[in-house]
Amino acid sequence: MSYFAMIWEIVRKDLLIEFRTRQRIVVMGAFAVLIGILFSFAIPPGTIRPQDIAAGLVWMTLVFAGILGVGRTFQLEAEDGAFQGLLLTPVPRDAVYLGKVVSNFLLVAVLVALILVVFGAFFQVDYGDHPIALLLTLGFGALGFVGLATLFGAITSGTRLGETLLPVLLFPLLTPMIIFGVSATNRLLAGRPVAEVSGNIRVLAAFALIALASGALLFKTVVDDA
Amino acid sequence: MTTTRTGFWGPLLAVAGVGLALFQLWLVWFWVPTEAVQGIIQRIYYIHVPSAWVAFFAFGIVALASIVYLWLGDDRADHLAVAAAEGGIIFTTIVLTTGPLWGKVAWGTYWTWEARLTLTLLLWFIYLGYFMVRNAAPTPEKGRRWAAVVGIAGAVNIPLIHMSVYWFRSLHPLPVVAKPEGPTAPPEMVQTLLLGFLAFTLLFLGLMMLRAGVHRIEHRLRLREVAP
């Protein structure tokens, strides 16, 4: 079995579980819509244009809802020892990690689409004239987020504190993603040209690459027993 | 017998560091000239800057020792990593205490989202995560490996965090010592600062080696409990 076929099998398994249980996507989606409702009450009407702060709201919702879903990746399999079974198969650890990253990324991609639709409807956000640049910004940001959250999720799901520890490990390292992602999104929502944000998108791509490379290298030491 | 010793270099470096730090404090209070614009508050600089250097130097040691630990599985590397993290979080706390005190007088506010201040606060939380993972792991062995992963992932990301917070904002004074045309500060100020670097580095290294010795002894005692 080729390397990519192994990754695909992990992705297929994860998506099949998700498709049959719909646990994580329902929780993440409900969170995104409900936080949108709370935001609409938290932002005083008439004083701030939602358009001006929509970028920050989108990114923070991505992070909070994303943590709910991605943090559960390993809990699902820990309950009946399925993850031990997965580790016993002759699949390299980094393929397991990358498979998890891909399935989590697809989950977060659905979440991002939902956030954009819901916030667009709730706050009448105009997403500007450059949907491709906006999707690239959110896509690379989400990929970096998922790369780090999957690695740290594997750690925290084994600790006594569980997922509550995940934000402590994850948030300091998400600073580049939030700074460059929010600023690029802000500019795009304000109708600025793509040339202004291409540097930001490159940094987000580098962030995603670093996250994936360090995750693939370190995942083995996280899950192995000795 | 060896289980009760913490080594020779640790105490020596720690004593030398304490002696030099006390001498440097004397220089700071009684010898170095008062800076013309900021006045007496600028003297906190001789504590603040060397502590910041040690805070990041310590994290470098945490990362390197963590790599060695994961690579070779040698427990001594882990003892060194956790000892460096303990020293590192202390000096990071010193930076985060002296910085706002200085900032309140110099900038008129305890906290600004200035790049280096922000980076140091994030570093403090990375250290915090390092210790929390270590303590919340189901077995000490897992805690050591997971903490090493946190240390390495943190070190890999610090340059990018550094770049992004700089890009976000910077209003720190520009370096006046390490400039290509030579330092512009008076020689007394440069000498006091350089002595601070030396004193704090020696103090940190001494404390680190002492703590590494303590961790080594604890480790051996734990092994004895398991297999007497």
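1. Two residues are in contact here if their C-beta atoms, placed from the backbone, lie within 7 Å. On that basis, 21 residues of chain A are in contact with 27 residues of chain B. The model is a predicted one.

2. The side of chain A that touches chain B draws on several helices. α7, α8 (166-170), α9 (175-189) and α10 (198-223) of chain A each supply at least two of its residues. Six residues, the largest share, come from α10(A). By class, this side of chain A consists of 15 nonpolar residues, five polar ones and one charged one.

3. Within chain A, helix α1 (residues 3-21) packs against helix α6 (residues 93-123) at an angle of about 45°, and the two axes are 8 Å apart. Angles of 65 to 115 degrees count as roughly perpendicular and those under 35 as roughly parallel, so α1(A) and α6(A) are oblique to each other. The crossing of α1(A) past α6(A) is right-handed.

4. Which residues of α1(A) and α6(A) make this contact? From α1(A) come Tyr3(A), Met6(A), Ile7(A), Ile10(A), Val11(A), Asp14(A), Leu15(A) and Glu18(A). From α6(A) come Ala95(A), Val96(A), Leu98(A), Gly99(A), Lys100(A), Val102(A), Ser103(A), Leu106(A) and Leu107(A). The contact of α1(A) with α6(A) divides into 12 nonpolar, two polar and three charged residues.

5. Leu106(A), one of the α6(A) residues in that contact, deserves a separate entry. Is Leu106(A) buried or partly exposed? A residue needs 20 or more other C-beta atoms within 10 Å of its own to be buried, and one with 12 or fewer is exposed. Leu106(A) has 16 C-beta neighbours inside 10 Å and therefore counts as partly exposed. Between Leu106(A) and Asp52(A) there are 54 residues in sequence and, C-alpha to C-alpha, 28 Å in space.

6. In soluble globular proteins, nonpolar side chains tend to be buried together. In this model the largest nonpolar core has 119 residues. Helix α7 (residues 131-156) of chain A gives the largest share of this core, 14 residues. Ala81(B) and Ala84(B) are the residues with the most contacts inside the core.

7. What does Ala81(B) touch, leaving aside its neighbours within four places in sequence? Its contacts are with Val62(B), Ala65(B), Ser66(B), Tyr69(B), Ala148(B) and Gly151(B). A second core, separate and of six residues, includes Tyr45(B), Tyr46(B), Ile47(B) and Leu193(B).

Key
Residues are numbered from 1 along each chain as its sequence is written. Chains are lettered from A and ligands numbered from 1 in the order in which they are written. This is a predicted model: local features need pLDDT of at least 70, side-chain atom pairs count only at pLDDT 80 or more; totals for chains, interfaces and linings use all residues. Axes are lines fitted to C-alpha atoms, for helices over the stretch in contact, and angles run from 0 to 180 degrees between N-to-C directions. Helices (H or I, at least four residues) and strands (E, at least two) are DSSP runs, numbered from the N terminus. Angles under 35 degrees count as roughly parallel, over 145 as roughly antiparallel, 65 to 115 as roughly perpendicular and the rest as oblique. A crossing is left-handed if the near helix is turned anticlockwise from the far one by less than a right angle, and right-handed if clockwise. Ala, Val, Leu, Ile, Met, Phe, Trp, Tyr, Cys and Pro count as nonpolar, Asp, Glu, Lys and Arg as charged, and the others, Gly among them, as polar. A nonpolar core is a set of buried Ala, Val, Leu, Ile, Met, Phe, Trp, Tyr and Cys residues joined through C-beta atoms within 7 Å.
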